[in-house]
Amino acid sequence: MKQKRYHADWSSIKTHEVPQWYEDAKFGIFIHWGVYSVPAFAPPTCQLGEIDIDEQWFCNNPYAEWYFNSINVQKGPTYEHHLKTYGADFTYAQFIPQWKAEKWQPDQWAELFKQAGAKYVVLTTKHHDGFCLFPSKHTDFNCTQAGPKRDLMGELTEQVREKGLRMGAYYSGIIDWQYASDPIFTESQNFSNACPTYEYADFAYKQVIELIDRYKPDVLWNDIGWPKAGEHMLPHLFAHYYNTVAEGVVDDRWNKLWCDFTSKEYKHGTASRDKKWEMCRGMGLSFGYNQVEDESHLISVKDLVALLVETVADNGNLLLNIGPKADGTIPQEQVDRLLALGQWLAVNGEGIYHSRCSRNPTQKLGDVTLYHTKVRSDLYLFVDGLKAGKNSLPLSLYGNIEALNPELKFHVENTAEGRILHIENYQPDWYILGFKIANGEE
């Protein structure tokens, strides 16, 4: 079938539809890795969305990848840590030679992501500090000229695709502290302090085109916004992207002008059953590796499984972030969570991948939560909040029910009040139980 061609006008761009692979994928890996992985410091304060995004947030920023700004505001825990550890005269740029990625094995990363059950990967190709993880012809401030001296995006893209996964690119569009480095204290300053010049707008446009042409990313993930001076170029950018990557998708951080999916970050943003969306978060409170975080700050495997199921049941994808260390190793506590999630998906994935929203809403029955998905004509029920051993709960779905976990013992009792699902041997390390109702009625 001939590929559809898009033209550089909004009416053409807005005919683009979300490709099936992205609807089916459900789970992706986000990677924040950069110069900021060397100091690897932020106070583990709170989740985005829990407090107003004002000076209290930015001067106590739990995002280690914002280290440049967190010392630039010249107040707060990160600034105090920087003074004590490195001294007032030590600049952010002096961390670059220390980022060597000497233990990085991109094939091992890709294999881990596959074992975790992820279907796509998104790498930060340029975060707000402006340092590029690809050999850009538009700046020498990149990973082949300094730091690791390797094409990080290129090597990882090759390995990820070799494992059968999709590969995407994150790009910080509106913020680049190489062009405008005034300290940011409030959310509005993400936009007002951004470089206003046509020169920077052209630079950002050319770099994203460069990423499209060089790597053909399956996901084009812009952060925060796009240079105001370059908004008129976006139809050209999107047309070029869709014509180059037939099944590509873009997020919603392009000044609200267009998106294939909306985004939620921690508690900031909303889920929607009507529009495809994506949930992104770190395993802790930071995206970049934060040496301060320990087990107490990281999401538990139980809560991680629940987050995935809740997101998928509500029409979303989960983009779960890892924050590698500067040497290229992934902290073991992050590896453990990925592998545990992969083991759960190996048992229950048939009700997650390729699924769509069921008309049955999420239900709360005391401490138990029931989630529903649909894969073609089959319904799936996911039960969270069970206690060890025996459990009984009302079953409103009709049809033959099968447990996805072959070790589970259960039976269904038909009573005058309705059907009762009796679970006989639930084990807490099974986390959420999945059931299939073949050709179930909604």
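Leaving aside its neighbours within four places in sequence, which residues is Ser37 in contact with? Select Ser37 and find out: the partners are His32, Tyr289, Pro324, Lys325 and Ala326, where contact means heavy atoms within 4.5 Å.

Before moving on, a word about the model. This is a predicted model, in which local features need pLDDT of at least 70 and side-chain atom pairs count only at pLDDT 80 or more, while totals for chains, interfaces and linings use all residues. Residues are numbered from 1 along each chain as its sequence is written, and side-chain values use heavy atoms, with hydrogens and water left out.

**Stop 1: around Ser37**

Ser37 sits in the loop between strand E1 (27-31) and helix H3 (55-58). Those labels are DSSP runs numbered from the N terminus: helices are H or I with at least four residues, strands are E with at least two. Ser37 counts as buried because its relative accessibility is 2%; buried means under 20% relative accessible area, exposed over 50%, and partly exposed in between (1.4 Å probe, protein chains only).

**Stop 2: the sheet**

Now show the strands. There are 8 of them in an open sheet, ordered E5-E4-E3-E2-E1-E8-E7-E6, and the pairing is parallel. Two strands pair if DSSP finds at least two bridges between them. Look at the edges: E5 (249-250) and E6 (262-265) each have a single partner strand, so one side of each is left without a neighbour in the sheet.

Zoom in on E6. This strand runs parallel to E7 (residues 277-282), and 4 bridges join the two. Pick Ser263 and you'll find its bridge partner in E7, Glu278.

**Stop 3: salt bridges**

The structure holds 16 salt bridges, each a side-chain nitrogen of Lys or Arg within 4 Å of a carboxyl oxygen of Asp or Glu.

Buried or exposed? Glu23 is buried at 17% relative accessible area, and Lys276 counts as buried at 4% relative accessibility.

Next, select Lys103 and Asp327, which meet in a salt bridge (3.9 Å, N to O). Lys103 belongs to the loop between helix H5 (77-85) and helix H6 (106-115), and Asp327 to the loop between strand E8 (316-322) and helix H12 (332-348), so parts 224 residues apart in sequence are tied together. Asp327 counts as buried, at 15% relative accessibility.

Then go to Glu247 and Arg166, joined at 2.9 Å, N to O. Glu247 is in the loop between helix H10 (234-244) and E5, while Arg166 is in strand E3 (residues 166-172), 81 residues apart. Glu247 is partly exposed at 37%, and Arg166 is partly exposed at 24%.

**Stop 4: the cores**

Finish with Phe27, Ile31, Trp99 and Phe113, which touch the most other members of the largest nonpolar core, a set of 122 residues. Such a core consists of buried Ala, Val, Leu, Ile, Met, Phe, Trp, Tyr and Cys residues joined through side-chain atoms within 4.5 Å. Its largest share, 9 residues, comes from helix H11 (residues 301-313).

Click Ile31: beyond its neighbours within four places in sequence, its contacts include Trp109, Phe113, Leu156 and Ile322. A second, separate core has 18 residues, among them Val368, Val383, Leu408 and Trp430.
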